[in-house]
Amino acid sequence: MKYVCFALLMWLGINSLWAQDSTTVRRDTTIAPQTDASAADLLAGLSDSTEAKTELLPHKMIFTQRAFWGPKGLLRSMNVAPLTSEGRAHELKVRRTMLVAHQIGGFVTLAGFIAQGLIGAKLYNAKGQDYVDTKKWHERSAAFINVTYGTTLLLSLTAPPPVVGARKGFTSIKLHKYLAIVHLTGMVATNVLAQMIDGNSSLKPYHRAAAYTTFGAYAASVLALTF
């Protein structure tokens, strides 16, 4: 629970630190004034507010994005993030900030996975006091990874939705998401098996296999966005 609270606080901090940029609009005096007919067409296109709002959001969103940022999401209902074109421009900047933090968290977590793998390999062959000391470091490393992994995941799941009409087809982003399903499943399995090993040492090979699978999928997902 404390890991989830830590992740939520970090997410709120990122959002609060973001300041909306001021923009300047230049008026081109060479363009003829808009005619009454074109103005009427523009107003007619904006008359249906529901349709206009729908077009501001992609049709497909993950459940967490819809819960916060959907047309009837929590932030919309609380009027914290009104669904307007100006608001969406602000949200896309927030999204970029959160996804940059997500990427940084990915590299930090990957480094933790590497360290955990080295400590885990040593733990399997340790004995006596060396085993006790190594196990403590193994548990500390696991706690660190759980925090950074959870924070990184939360930044991705709660970021505002992307622009409408995003690129279709197989992309590195989609590969990243498919691999996320694998390493998230492996992460859960690794933690569950870690709690069961003390009572059943025969589960160690399965714990190791889950950990290696998680690391492989996670490393591939990070590389998918890097190259």
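Buried residues, meaning those under 20% relative accessible area with a 1.4 Å probe and protein chains only, make up 30% of the 227 residues in the protein. The structure is a predicted model, in which local features need pLDDT of at least 70, side-chain atom pairs count only at pLDDT 80 or more, and totals for chains, interfaces and linings use all residues. Residues are numbered from 1 along each chain as its sequence is written, and side-chain values use heavy atoms, with hydrogens and water left out. The accessible surface of the protein comes to about 15200 Å², with areas taken from the Shrake-Rupley method with a 1.4 Å probe, where for residues only the protein chains shown count as cover. Carbon and sulfur atoms account for 65% of this surface.

The secondary structure consists of nine helices and zero strands. Helices (H or I, at least four residues) and strands (E, at least two) are DSSP runs, numbered from the N terminus. Along the sequence the pattern reads α-α-α-α-α-α-α-α-α. Contact is defined as heavy atoms within 4.5 Å. Among contacts between residues at least 6 apart in sequence, 73% join residues at least 24 apart.

Angles under 35 degrees count as roughly parallel, over 145 as roughly antiparallel, 65 to 115 as roughly perpendicular and the rest as oblique. A crossing is left-handed if the near helix is turned anticlockwise from the far one by less than a right angle, and right-handed if clockwise. For the residue classes, Ala, Val, Leu, Ile, Met, Phe, Trp, Tyr, Cys and Pro count as nonpolar, Asp, Glu, Lys and Arg as charged, and the others, Gly among them, as polar.

Helix H6 (residues 85–125) and helix H7 (residues 128–157) have axes that come within 8 Å and cross at roughly 160°. H6 and H7 are therefore roughly antiparallel to each other, and their crossing is left-handed. The contact of H6 with H7 involves 14 nonpolar, 13 polar and three charged residues.

Gly-112 belongs to H6 and is buried, at 7% relative accessibility. Leaving out residues up to four places away in sequence, Gly-112 touches Ser-141, Phe-144 and Ile-145. Between Gly-112 and Ala-143, which are 31 residues apart in sequence, the C-alpha to C-alpha distance is 10.0 Å. Lys-135 lies in H7 and is partly exposed, at 23% relative accessibility. Apart from neighbours within four places in sequence, Lys-135 is in contact with Leu-123 and Asp-198.

H6 also pairs with helix H9 (residues 204–226), where the axes come within 10 Å and cross at roughly 155°. H6 and H9 are therefore roughly antiparallel to each other, in a left-handed crossing. Residues of H6 in this contact include Phe-107, Leu-110 and Phe-113, and those of H9 include His-207, Phe-215 and Tyr-218. By class, the contact of H6 with H9 has 10 nonpolar, seven polar and two charged residues.

The axes of helix H8 (residues 172–196) and H9 come within 8 Å, crossing at roughly 155°. That makes H8 roughly antiparallel to H9, and H8 passes H9 in a left-handed crossing. The contact of H8 with H9 has 17 nonpolar, nine polar and no charged residues.

Within H9 lies His-207, which is buried, with a relative accessible area of 10%. Neighbours within four places in sequence aside, His-207 is in contact with Tyr-124, His-138, Thr-190, Leu-193, Ala-194 and Ile-197.

Glu-55 is found in helix H3 (residues 49–55) and is exposed, at 51% relative accessibility. Glu-55 and Val-164 are 109 residues apart in sequence, yet 7.2 Å apart in space, C-alpha to C-alpha. Asn-79 is placed in the loop between helix H5 (74–77) and H6. Asn-79 is exposed, with a relative accessible area of 56%. Although not a glycine, Asn-79 has a positive phi of about 60°.

Methods. Buried < 20%, exposed > 50% of the residue type's maximum accessible area, 1.4 Å probe, protein only. Axes fitted to C-alpha atoms, helices over the stretch in contact; angles between N-to-C directions.
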